[in-house]
Amino acid sequence: MMSPDLLYKRKTYGSNTIMDSKELIALDLKHIWHPCSQMKDYEDFEPLHITSASGSYLHTADGRDIIDAISSWWCKSLGHRHPEIRQAVNDQLDKFEHIIMANTTHETIVELSYRLAQICPPLDKVFYADNGSTSVEIAIKMSLQYHHQTGHREKTRFMALHNGYHGESILTLAAGDCELYTKPYKTLMPEFLKTPPLVYCNGIGSEGWEKYPEDAWKTIEKQLNEMSDTLSGIVFEPIIQGSGGMKIYSPDLLRRLRQWADKHDVHLIADEIMTGFGRCGKMMACEYAGIAPDFVCFSKSMTAGWAPMAATLCSTEVYNAFYDDYFSGKAFLHSNTYTGYAPGVAAALATMKIYERDKFIENAPAFNRKLMDGMRRVAQETGALVNLRGLGHMAAADIINPDTGKPFDYKLRIGYKCYLEAVKLGALLRPLGDTLYFLPPFNTDDATLEKLAEIAAQALNNTIESYKQGS
Ligand SMILES: Cc1ncc(COP(=O)(O)O)c(C=O)c1O
């Protein structure tokens with residue numbers, strides 16, 4: 001057994017006296033199973049020893065400042081250690097850190113809920129959870145139970161968009177469509193119908209943004225019509241499919257789904273976990289379509305990445321279907337220990353106030369232009385990007401081989417190798433397969449955005465050069 005003394009070995013790096021990096025990493029790899037990773041990859045790429053983070057940067061033990069280009073899994077919308085959110089969390093911790101949410105309340109959660117209820121009328125009831133996947137499960141469960149309790153017991157099936165991602169629990173894996181994440185668990189997953197592949201576009205004003213192609217809609221409509229009587233809800237990531245490759249589709253598809261769902265008494269369940277709270281350039285991506293879904297799920301940017309926290313919103317009409325005497329058995333008896341985790345509530349409230357004051361939604365188009373300029377620069381300097389696209393605080397493009405104009409064989413893991421290069425150069429990019437994307441904190445300054453583009457171009461060029469040299 002490793003000596004516990006090891007934990008007390010310290011080394012001085014600049015002004016920091018911290019645990020020796022080599023030994024810390026050895027201990028990490030001995031005990032930690034990192035998420036979404038093939039652990040064998042860590043043989044060549046050790047975990048970064050982070051000692052602090054601030055704004056859009058992660059700071060490492062060996063004194064490097066690394067741009068957090070994907071906002072630490074898409075949640076740090078206001079960057080690291082935002083002083084006002086920290087103050088709000090500290091103020092909350094001075095009062096209490098966590099209390100059971102059944103039968104209790106407090107000022108912060110009431111104010112937050114009031115504000116959340118203004119985002120998407122008529123969705124004015126808020127059910128809290130502690131992670132995004134659970135908030136989607138909550139919406140699915142509520143939809144099913146609603147139909148059960150309103151005389152439509154036949155409405156038991158769900159449908160989701162092709163290429164979607166909704167989380168890692170078994171039910172949300174079933175709702176999602178990423179083979180890479182679901183394959184080993186198929187035997188456990190309930191049936192969840194999927195639409196045919198979607199037609200994508202590159203963002204506002206691009207071809208295909210205004211109108212979803214009629215023939216493509218007809219195919220979806222036909223499939224929906226065939227199951228309309230038994231369908232409870234349709235689950236989707238509105239406008240941007242994140243994990244599926246930052247793909248953008250026309251808001252017109254959502255308008256059509258809304259119309260169809262209204263006719264057939266089917267719920268629309270909008271998973272705004274990545275797109276919501278400003279990431280897409282609005283509080284909700286559904287706003288681009290001018291529709292209100294029946295359920296909306298928020299997480300990630302909701303607390304600006306300060307706490308595991310999520311919320312599912314629904315209407316009073318849905319809520320009323322659960323409201324009855326106790327022995328009617330109609331209550332929604334879902335609970336998670338950290339439902340309404342108070343520091344998360346405080347962080348979410350502070351986040352909303354900062355968004356309003358600093359006008360992050362209003363300024364999103366200007367920010368997007370800068371992100372897209374950066375992506376265009378990478379494309380020009382490498383000749384290796386196509387399908388440049390973006391919306392709000394996100395820009396993406398697909399990597400191709402500049403010599404053939406075709407995608408690389410996925411087995412070459414070009415995106416992953418580009419990620420390794422970029423980390424060496426000072427940016428944490430983490431492409432999705434061979435899709436490169438920028439999803440930084442909304443308050444990232446211009447100099448950092450320029451540096452990010454420079455690093456991404458250099459990293460991609462280095463990667464392609466190594467490929468050409470056969471290494
Ligand atoms: C669209 C979407 N839905 C759901 C989730 C799952 O959220 P969590 O990781 O908090 O469970 C994610 C996470 O990336 C997401 O992007």
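This is a predicted model: local features need pLDDT of at least 70, side-chain atom pairs count only at pLDDT 80 or more; totals for chains, interfaces and linings use all residues.

Trainee: What about Gly132 and Lys300, which atoms do they use?

Mentor: Gly132 uses a backbone N or O atom, 2.8 Å from an oxygen atom of the ligand. With Lys300 it's a polar side-chain atom, and the distance to a ligand oxygen is 2.9 Å.

Trainee: And how much of the ligand does the protein bury?

Mentor: Taken alone, the ligand exposes 390 Å², and the protein buries 83% of that.

Trainee: Which residues are around the ligand?

Mentor: Besides Gly132, Ser133 and Lys300, you'll find Trp74, Asn131, Tyr165, His166, Gly167, Glu237, Asp271, Ile273 and Met274. That shell divides into 4 nonpolar, 5 polar and 3 charged residues.

Trainee: Switching topic: where does His267 lie?

Mentor: His267 is in strand β12, which covers residues 267-271.

Trainee: Is His267 buried or exposed?

Mentor: Buried. Its relative accessible area is 5%, and buried means under 20%, so His267 qualifies.

Trainee: What is His267 in contact with, then?

Mentor: Leaving aside neighbours within four places in sequence, its contacts include Tyr146, His147, Asp294, Phe295 and Val318. Ser143 is another one of them, and the side chains of His267 and Ser143 are joined by a polar contact of 2.8 Å.

Trainee: How does β16 run relative to β15?

Mentor: They run antiparallel, with 5 bridges joining β15 (residues 385-391) to β16. For example, Val386 has Asp398 in β16 as its bridge partner.

Trainee: How many residues sit between the strands in that hairpin?

Mentor: The hairpin of β15 and β16 has 2 residues between the strands, and Gly392 takes a positive phi near 55° there.

Trainee: And how many bridges are there between β16 and β18?

Mentor: There are 4, and this pairing with β18 (residues 435-438) is antiparallel. Look at Ala396 to find one of the bridges: its partner in β18 is Tyr437.

How values were computed
Residues are numbered from 1 along each chain as its sequence is written. Side-chain values use heavy atoms; hydrogens and water are left out. A residue is near a molecule or strand if one of its heavy atoms lies within 4 Å of it. A polar contact is a pair of N or O atoms within 3.5 Å; within protein, one must be able to donate a hydrogen and the other to accept it, and residues adjacent in sequence count only if both atoms are side-chain atoms. Accessible areas come from the Shrake-Rupley method with a 1.4 Å probe; for residues, only the protein chains shown count as cover. Ala, Val, Leu, Ile, Met, Phe, Trp, Tyr, Cys and Pro count as nonpolar, Asp, Glu, Lys and Arg as charged, and the others, Gly among them, as polar. Buried means under 20% relative accessible area, exposed over 50%, partly exposed in between (1.4 Å probe, protein chains only). Contact means heavy atoms within 4.5 Å. Two strands pair if DSSP finds at least two bridges between them.
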